[in-house]
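Here is a friendly walk through one protein model, written for someone who would rather look than calculate. Please have the sequence and the structure open as you read.

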Amino acid sequence: MTDYHAPFQPPLDDVPASSEQAGQGCHAGAETMAAAAKAAGKSEILDLYAVDYPKGPHDQPQSMCPAFGSLRVGLRMRRTATVLSGSACCVYGLTFTSHFYGARRSVGYVPFSSETLVTGKLFEDIRDAVFELADPALYDTIVVTNLCVPTASGVPLQLLPKEINGVRIIGIDVPGFGIPTHAEAKDVLAGAMLRYARTEAEAGPVQAPQNLSKDRPTITLLGEMFPADPVGIGMMLEPLGLAAGPVVPTREWRELYAALDCAAVAAIHPFYTASVREFQTAGRKIVGSAPVGRDGTAAWLDAIGEACGIAQAKVDFAKNRFLPAIKAALLTAPIKGRLTVSGYEGSELLVARLLIESGAEVAYVGTACPRTPWSEPDREWLESKGVLVQYRASLEQDIAAVDAIRPDLAIGTTPVVQHAKQLSIPALYFTNLISARPLMGPAGAGSLATVINAALANRARFEKMTAFFDGVGSHDTAGVWEDTPVERPEFKAKYAKALAASRAAEEAVGT
């Protein structure tokens, strides 16, 4: 077991030797790893991932290791132990990132060598570790996650016991070559937990959740959001005779039962495909979009009312109660400027809607997540406003949008922000500065204005800095020098020819 106070040092001998049986190691490439995984018996799960999380028409988006998403879900749940099976370098990075984000909880790790991986001993080691961990006094659930190499090698987590000493055992595969983004990896674990909880509920009585609403039907909220948003949504549901249910991913196991026992599911984040499948199997209706801005809130309340069979008079009462407050908040905190929005959290379209209703001109929205039926209301609304919506957006597309549009403010991932600032364009990091704010209802209506308007006002500062550092150098001449380096393109051309000749000689020997 690793502890957050003292991260382990990765051993040098646990990465498998390059071989077909061992998935050819971490650096074999996505296609090779996927082929090895299918040959090792993982075809069914990879085929399901291809349907749930389609990559096309563009290449896999560039973001953090997808397993960070599922790891984060497990680490935020009470009485849940997390065990990783993967190369030590990957586990080290994932545990470091998780602790950096405040998990403050130990992460289990089952190391392996080429021998234990190829012979199947790794699975036995994982099984032994799970039995050692399964203490019902400490845990309700143990989550075991295969990273790339164990997945490619066919380590069969599905053969683990479903329960040990009353502790649930959930094994999932979260390979980088099968799950496009960390956001969708959250759905992998959330969906697996919902499936387990659904089978428990179907088999007989289950533990009653705490703070369960017993007097009103509930709406389950699908997708992580700012803590104030479920409270605001609950206030908007109250006139309909409804209550806000649990947020999925949940914080404890028993909340899964309450999430399944709902009147309808609000797919606030629209990419939770596996979770939606479990809710639909349980007979629950799914409502897309979210109560964002005046138009979004009005449409969402209508959709909730229709899904739950609420009288239109009650829906209209709720709209008359909240829509004027939202409109007033938007008018009080206007945003003036041309923006581009991009990110990999899944709420990019919702943020763009709120910005437009706040008065901003949004020319481009890029999201690393896929197009699904539950984001269609947002896509249609945005495109009616002249916005270019790009699903599965790549970094190159997001940067090209900034270059072509030259917005007054760019909202995006770290490299997009860096690129925009190099062009003297103010920029904000989506994850930390935008998505970590309330977005729903009256509370969300004016939440973005302060940070957006402050950033828009910084244009002159960026232009001043660009002028000050003009001529300092870039690329090979960047940095502080006594004498400015002189570029030698003839040397680069000479070595490029030598490398090309060397590769040609190697290919000739190979044939």
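The report below goes through the cores, the strands and the helices in turn.

This is a predicted model, where local features need pLDDT of at least 70, side-chain atom pairs count only at pLDDT 80 or more, and totals for chains, interfaces and linings use all residues. Residues are numbered from 1 along each chain as its sequence is written, and side-chain values use heavy atoms, with hydrogens and water left out.

**The nonpolar cores**

A nonpolar core here is a set of buried Ala, Val, Leu, Ile, Met, Phe, Trp, Tyr and Cys residues joined through side-chain atoms within 4.5 Å. Buried stands for under 20% relative accessible area, exposed for over 50% and partly exposed for values in between, using a 1.4 Å probe and protein chains only. The largest nonpolar core has 75 residues, and Ile126, Ile142 and Phe279 touch the most other members. Its top contributor is helix H7 (residues 182-203), with ten residues. Helices (H or I, at least four residues) and strands (E, at least two) are DSSP runs, numbered from the N terminus. A second, separate core holds 59 residues, including Leu237, Ala266, Leu428 and Ile452.

What does Phe279 contact, leaving aside its neighbours within four places in sequence? With contact taken as heavy atoms within 4.5 Å, its partners include Leu194, Thr220, Leu222, Val248 and Arg284.

**Strands and their partners**

Strands pair if DSSP finds at least two bridges between them. Strand E5 (residues 167-173) has six of its seven residues buried. The table lists some of the pairings.

| Strand pair | Bridges | Direction |
|---|---|---|
| E3 (residues 141-146) and E5 | six bridges | parallel |
| E4 (residues 163-164) and E5 | two bridges | antiparallel |
| E8 (residues 264-266) and E9 | three bridges | parallel |

Val143 has Ile170 in E5 as its bridge partner, while Glu163 stands opposite Arg168 in E5. In the hairpin of E4 and E5, two residues lie between the strands, and Asn165 takes a positive phi near 55°.

Another set of four strands makes an open sheet in the order E7-E6-E8-E9, with parallel pairing. Strands E7 (243-248) and E9 (285-287) are at the edges with a single partner strand each, so one side of each has no neighbour in the sheet. On average, neighbouring strands of this sheet are turned by 30° against each other, direction ignored. Ala266 has Val287 in E9 as its bridge partner.

**Helices on the sheet and beyond**

Axes are lines fitted to C-alpha atoms, for helices over the stretch in contact, and angles run from 0 to 180 degrees between N-to-C directions. Helix H8 (residues 228-237) packs on the sheet, touching E6 (218-222) and E7, and its direction makes about 150° with that of E7. Helix H10 (residues 273-281) lies across E6, E7, E8 and E9, at about 160° to E6.

Which residues of helix H14 (residues 376-384) are buried? They are Glu376, Asp378, Arg379, Trp381 and Leu382. The buried residues of H14 pack against helix H11 (293-308), helix H13 (348-357) and strand E12 (388-391).

The axes of H11 and H13 come within 7 Å and cross at roughly 125°. Gly293, Arg294, Asp295 and Gly296 of H11 make the contact with Arg353, Leu354 and Glu357 of H13.
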